[in-house]
Amino acid sequence: MDIIKINDTSNKLYYIGGIVRDFLLNRESLDIDITYAGNAIEYCARFGDVLQINPDFGTIKVLVDGREVDFASTRTEKYEKKGHLPQVDRLGVSLKEDVLRRDFTINALAMSVSTGEIVDYTGGVEDLNNGILRVLHDRSFIDDPTRIIRGLKFAMRFGFDLDEHTKNLQDEYLANINYDMSYARVKKELIETFGYSGKMARGLQWAYDRFINDGIYRLVTPDEVENPSVNIENLIMDYPVEHQWLVFAGTLRDLSRLPLTRTEQKIVDDVPACGLSGDFEIYKAFEHVRTESILLYGILYDEYTARRYLDVLKHIKITVNGEDLKELGFPPSQEYSKCFDFVLKEKLKNPYITRDDELILVKKYYSE
Ligand code: CTP
C-alpha cells in the first residue's frame with residue numbers, strides 16, 4: 001500500500017475495502033479509501049485541502065501529501081430498488097455495520113490508520129489466504145446483481161474461486177434475473193473485467209469462458225448465447241484495441257440494455273450482418289470501420305477473414321486520386337469512385353502493381 005502520512009490517534013479511521021485486500025495480497029491499489037467511524041466531513045477536513053464534499057453520502061475528498069484521498073463516514077445502506085444504487089440509510093454507524101453492507105469478505109476488511117491493526121469481522125483474511133470469494137449474506141446478489149460480475153473480475157485478477165454456497169446463490173439468481181437493474185453499473189463492471197490490462201492470475205479468455213458457460217452473460221441479455229470457438233484473448237493480443245471490453249461483450253449481440261456511447265454503438269452496428277466473400281467485398285466492408293467491429297466479425301463469423309483483412313488487405317492502398325483523374329482529362333463525376341474500385345480490385349489481385357500500372361488501369365477503365 002502506498003504510504004500516505006496521516007497522523008491520527010483517534011483509532012476511528014480505517015483503510016477500507018479494496019486497498020486493504022490489495023495490501024494483504026501485495027498488489028498495487030489505485031484508490032485510497034478510508035472510512036471514519038463517525039462524521040468524516042467534520043473530522044477529516046483537517047488532513048489537507050478539501051477538494052469535494054458530498055453531504056448526502058457523508059464523504060469528503062481531501063488532498064493529502066499531493067494524493068487524493070476519499071474519506072467516507074461509516075454508513076449502512078438499503079436497496080430500496082433492488083439492482084440499483086443503494087440509498088444511504090444511516091451515517092456514522094459502527095465500523096462493523098459499515099463492513100457488513102459490502103460484497104465479498106475479502107472486500108470487507110479494515111485496517112486501522114493509527115495502529116495498522118487489521119479488523120476482520122467476516123473471515124476475510126482466511127478467505128484471502130484460501131483464495132475464496134464469499135458473499136456476506138444470501139440476498140447479496142438480489143440486492144446488487146453487479147456483484148456477480150465483480151466476483152468474476154476478482155476471480156480473474158486474483159485466481160480466486162467462489163465458495164460453494166456463493167456459487168449456488170449466483171446460479172439461483174441467474175435462473176431468476178430481475179432485469180430492472182442499473183445497466184450503467186453492469187457496464188462499469190464489464191469494462192473493469194474485460195477491459196482490464198493489469199496483472200491477472202487468470203486470463204481474459206478464462207473470464208469470458210466463465211461469463212458464457214456459467215450464464216453470467218444473462219444479466220445483459222435473456223437471449224441464448226453460445227461460446228464461440230475463437231480465442232478472443234489471442235485476437236486482442238494480436239490486434240490491441242481501445243474498446244477491448246466491447247470485443248468480448250459484443251459477442252452477446254443484444255446489448256440494448258447497456259448505455260453505450262455513440263462510438264460503442266457504432267462499433268456494434270458496424271459488424272457486418274452476414275458472411276463476406278472475396279477480397280474486394282471484405283475490403284469494402286471493413287475499410288471505414290474500427291478494428292473492434294472487424295474482430296467481432298472474426299469471432300462471430302470467420303476469424304480467417306478478419307485476420308486476412310487486418311494483416312494483409314488493410315495495407316493495400318491505391319495511389320491514384322481525383323487530381324490524377326482530372327489531370328488525365330476526366331471530369332469529376334460519380335465515375336471516379338467506380339474507377340477507383342476498378343483499380344482497387346486489380347490491386348487486391350496483385351498488390352505489387354506500380355503507380356504507372358494504376359494510371360494505365362484508369363485509362364483502361366475510361367476506354368471501356
Ligand atoms: N462494494 C460493494 N458492492 C459493490 C461495489 C463495491 O460492496 N457493488 C464495496 C466493496 O467493499 C469494495 C468497495 O465498495 O471493496 C469499493 O468498491 P470499488 O472501488 O468498486 O472496488 P475495489 O474493491 O476497490 O476494487 P478495484 O480494485 O476494482 O477498485
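This is a predicted model: local features need pLDDT of at least 70, side-chain atom pairs count only at pLDDT 80 or more; totals for chains, interfaces and linings use all residues.
## Ground rules

Residues are numbered from 1 along each chain as its sequence is written. Local features need pLDDT of at least 70 and side-chain atom pairs count only at pLDDT 80 or more, while totals for chains, interfaces and linings use all residues; side-chain values use heavy atoms, leaving out hydrogens and water.

## Domains

The chain splits into domain 1 (1–130), domain 2 (131–257), domain 3 (270–314) and domain 4 (316–367), with bounds from an automatic or database domain assignment. Between the C-alpha centres of domain 1 and domain 4 there are 65 Å.

## Around the ligand

There are 17 residues around the ligand, and R21, D103, D144, R150 and R157 come nearest (a residue counts if one of its heavy atoms lies within 4 Å).

Now for some polar contacts, meaning pairs of N or O atoms within 3.5 Å. D103 places a backbone N or O atom 2.7 Å from a ligand oxygen atom, and a backbone N or O atom of N107 lies 3.1 Å from a ligand oxygen atom. R150 uses its side chain: an N or O atom there is 3.1 Å from an oxygen atom of the ligand.

## Helices 8 and 9

Helix 8 (residues 183–194) and helix 9 (residues 204–213) have axes that come within 10 Å and cross at roughly 140°. Helices here are DSSP runs (H or I, at least four residues), numbered from the N terminus. Axes are lines fitted to C-alpha atoms over the stretch in contact, with angles from 0 to 180 degrees between N-to-C directions.

L190, T193 and F194 of helix 8 meet L204, A207, Y208 and F211 of helix 9, with contact meaning heavy atoms within 4.5 Å.

Technical notes: Helices (H or I, at least four residues) and strands (E, at least two) are DSSP runs, numbered from the N terminus. A polar contact is a pair of N or O atoms within 3.5 Å; within protein, one must be able to donate a hydrogen and the other to accept it, and residues adjacent in sequence count only if both atoms are side-chain atoms.
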